[in-house]
Each structure stands twice: as structure tokens, then as C-alpha cells.
Amino acid sequence: MIGRNVKRAIGTLSAILLMAQFMTAQDFFKNISQPTWIGTGELLGSTASFQMNWVPILDGQFYKLSFQHQRDESEELIFKSMGVYQPKNDGTFSGTWFDSRGLTFPLKGNFSDNTLTVLWGTRETEEGKTVYTFTEIGTVTVTDYVLKDGEFVKFGNADYVSDN
């Protein structure tokens, strides 16, 4: 009898934790789905400006990120990209990235607290990681890494504020 109640309690707790992870994922995307986020930071050792826009698509089953950045030292080079993310019930997600270099990457990752961690790329192209974190003051910090010799090396970071 006690064993069955313990198993039932563990099952209930697991379901609650799973739901909390899913809600965290949904809350993250709901909170980041603003008209536009404007960022300033550093990219490859130079100051840069950034813009990202997250919107729910297909009845909220997916979220689309439109992104661009420009290094302040060059008025002509603007990098543009788009990612489509699909949250899953277990707190993970998958997706696909497209960019103005003509590259396409798979995306995968997870949610934890106020943080979305994205692993991107392939061995044939390039691999990296992007970490999005909501701060207590309502901004989003983003840090980008590329995989070199088996280690993640930071190549960019920015602090974003919503334009509303």
C-alpha cells in the first residue's frame, strides 16, 4: 500500500515538474514575443547593434525569430537570419535556422528558469551555442559561442530592450 502511494506521488510530482518545464518554455516564448527587441553589444571584437523579433506562428505551435546585426565599423554589412522553433512538452525544442550567408542549421535545446539555450549547426558547416536570458529588469541578454577544438568560444554578446 505504501509502495503504491509512493509511486503515485512520484508520478504526480513528475507530471507537475514536466508541466512546469512546459509552462516555462511557453512563458519564455510568450514573454519574448514582443514587437521588436533592440540590442547593443559586441561581435567579433567590435561594437555592434542588433535587432530581434519573436512571433508565434501556426496557432502558437511554433515561434519565428527574425534577427539581424550590424558591426558599427561597417555600414554595409548587415547579417540577417530567421529561426523557427518548436517547443515540446518535455521542456526541449527543435527547429531550423536560415541566414543571409545561405546556410541552414538544425536547432535544438532546452529551457531552464529564464534561460533558453540553443545548440545550433552541424559538423559540416559550423557548430555553436546561443544563450538567451531574461533579466530581472525586463531586458534580454544574449551570448553567442562557436565550437572550436571541442570548446565553446564566445564571439558575441548583447543586451536587448523592448521597443514598446
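## Strand E1 and its two partners

Gly41 has Ala48 as its bridge partner in E2. Strand E1 covers residues 37-43 and strand E2 residues 46-57; the two run antiparallel and are joined by 7 bridges. Strands here are DSSP runs of E with at least two residues, numbered from the N terminus, and two strands pair if DSSP finds at least two bridges between them. The hairpin of E1 and E2 has 2 residues between the strands, and Leu44 takes a positive phi near 50 degrees in this hairpin.

Gly41 also has a bridge partner in E10, namely Ala158. E1 and strand E10 (residues 151-162) run antiparallel and are joined by 7 bridges.

## Basis of the model

The model is predicted: local features need pLDDT of at least 70 and side-chain atom pairs count only at pLDDT 80 or more, whereas totals for chains, interfaces and linings use all residues. Residues are numbered from 1 along each chain as its sequence is written, and side-chain values use heavy atoms, with hydrogens and water left out.

## The barrel

How many strands close into the barrel, and in what order? There are 10 strands, in the order E1-E2-E3-E4-E5-E6-E7-E8-E9-E10, with antiparallel pairing. On average, neighbouring strands of this sheet are turned by 25 degrees against each other, direction ignored; the strand axes are lines fitted to C-alpha atoms, and angles run from 0 to 180 degrees between N-to-C directions.

## Thr47 in strand E2

Thr47 is placed in strand E2. Not counting residues up to four places away in sequence, Thr47 touches Gly41, Glu42, Arg71 and Asp72, where contact means heavy atoms within 4.5 Å.

E7 and E8 run antiparallel and are joined by 7 bridges, with Tyr132 in E8 as the bridge partner of Leu116. The hairpin that E7 and E8 form has 5 residues between them. Thr115 belongs to strand E7 (residues 115-121). The side chains of Thr115 and Thr133 make a polar contact at 3.3 Å; such a contact is a pair of N or O atoms within 3.5 Å, and within protein one must be able to donate a hydrogen and the other to accept it, while residues adjacent in sequence count only if both atoms are side-chain atoms. Leaving aside neighbours within four places in sequence, Thr115 is in contact with Phe28, Asn110, Val131, Tyr132 and Thr133.

Strand E8 (residues 127-134) pairs with strand E9 (residues 140-148) in the antiparallel sense over 7 bridges. In E9, Thr143 is the bridge partner of Val131, and Tyr145 is that of Lys129. The hairpin of E8 and E9 has 5 residues between the strands, and Gly138 takes a positive phi near 85 degrees there.

## The largest pocket

The largest pocket has a volume of about 630 Å³. Of the 30 residues that line it, the closest to its centre are Leu43, Phe67, His69, Phe79 and Phe155. A pocket is an open set of points on a 1 Å grid over the protein atoms alone where a 1.4 Å probe fits, with protein on both sides within 12 Å along at least five of seven lines; lining residues have an atom within 4 Å of a point. Grid points are joined across faces, edges and corners, and a volume is the space filled by probe spheres set on the points.

E10 supplies the largest share of the lining, 5 residues. By class, the lining has 21 nonpolar, 4 polar and 5 charged residues; Ala, Val, Leu, Ile, Met, Phe, Trp, Tyr, Cys and Pro count as nonpolar, Asp, Glu, Lys and Arg as charged, and the others, Gly among them, as polar.

Methods: Helices (H or I, at least four residues) and strands (E, at least two) are DSSP runs, numbered from the N terminus.
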